[in-house]
Amino acid sequence: MNMTMQQAMKERHTVRKFTNQPIDEQQLADLKKRVDEDNRRYDVDISVETDQTNGVSGIIRLLMTKNVRNYLILASPDRSNVDVALGEAASDLMLYAKTIGLDTWYIGGTWNRKSVESETSAQHVIGIIVFGYGENHGKPHASKTVQQVSKYEGEAPQWFVNGVQAALLAPTALNKQPFFITGKGNDVSIQVDGGIFKGADEGIVRHHFELGAGKDSFSWKS
């Protein structure tokens, strides 16, 4: 597939039901390579699990899913303020997976903690990303508007609008889109009210905004 990351943002949707088709060897190798690159880039410890059926909690697995057996464990060596980095890496991996023909499901709350944590030596695990071939490719979720999640001082430049529109495509825990992005000149800041998912949600939204706006167009302001 010749799909850019920007195109993947528009094409990627949550998928919970997958076919039983094994992951193509080349696609799996490409995904593992990207995981290794992101582990180095973001200083995290994400791992790849295949043919594992216990990633999702029992009642959810029975009622809402099908053939969930391949997933990425979103983990890091310790708990020292890494959730934003894990979110950025998670976003990159979901979009990359889409560019190579894989569907995904980001799970921040209903994963099987006991089983998943036993599969990694990392000390801090925040969730999983299920991947595979969807029975369909999902559909867009209900979304807030640019005006509801952002404010720019003065007339907003196109890069800011593009960034916010991209951020609105980001998957957030419970699909609440609990973020607000502000801009002034070339400075951009983001506030997230996501409870225990705050850090990961911020990282995912940041990554989407950067892809939409262009990293050279602005600077993050804390």
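Let's begin where two helices meet: α7 and α8 cross in a right-handed way. Keep in mind as you look around that this is a predicted model.

Two packed helices are described by the angle between their axes and the distance between the axes. For α7 and α8, the angle is about 140° and the axes are 7 Å apart. Angles over 145 degrees would count as roughly antiparallel, and those from 65 to 115 as roughly perpendicular; α7 and α8 are therefore oblique to each other.

Which residues of α7 meet α8? On the α7 side they are W159, F160, N162, G163, V164, A166 and A167, and their counterparts in α8 are V205, H208, F209, G212 and A213.

## A closer look at α8

Helix α8 has 16 residues, and its first and last C-alpha atoms lie 22 Å apart, close to the 22 Å expected at 1.5 Å a residue.

Now find the open sheet of 4 strands with the order β5-β6-β7-β8, whose pairing is mixed. Its edges are β5 (150-152) and β8 (219-220); each has a single partner strand, so one side of each is left without a neighbour in the sheet.

Strands β7 (residues 187-192) and β8 run parallel and are joined by 2 bridges. Here D187 stands opposite S219 in β8. Helix α8 (residues 198-213) packs on this sheet, touching β6, β7 and β8, and its direction makes about 150° with that of β7. Helix α7 (residues 158-167) lies across β5, β6 (179-184) and β7, running at about 170° to β6.

## A second sheet

Another open sheet of 4 strands has the order β1-β2-β4-β3, and its pairing is antiparallel. At its edges are β1 (47-49) and β3 (103-107), each pairing on one side only. From one strand to the next, the twist averages 25°.

How many bridges join β1 and β2? Strand β1 pairs with β2 (residues 71-76) over 3 bridges, in the antiparallel sense. As part of this pairing, S47 has I73 in β2 as its bridge partner. Helix α4 (residues 83-99) packs on this sheet and touches β2, β3 and β4 (124-132), with its direction at about 5° to that of β4.

Key
Residues are numbered from 1 along each chain as its sequence is written. This is a predicted model: local features need pLDDT of at least 70, side-chain atom pairs count only at pLDDT 80 or more; totals for chains, interfaces and linings use all residues. Side-chain values use heavy atoms; hydrogens and water are left out. Two strands pair if DSSP finds at least two bridges between them. Axes are lines fitted to C-alpha atoms, for helices over the stretch in contact, and angles run from 0 to 180 degrees between N-to-C directions. Contact means heavy atoms within 4.5 Å. The expected span of a helix is 1.5 Å times one less than its number of residues. Angles under 35 degrees count as roughly parallel, over 145 as roughly antiparallel, 65 to 115 as roughly perpendicular and the rest as oblique. A crossing is left-handed if the near helix is turned anticlockwise from the far one by less than a right angle, and right-handed if clockwise.
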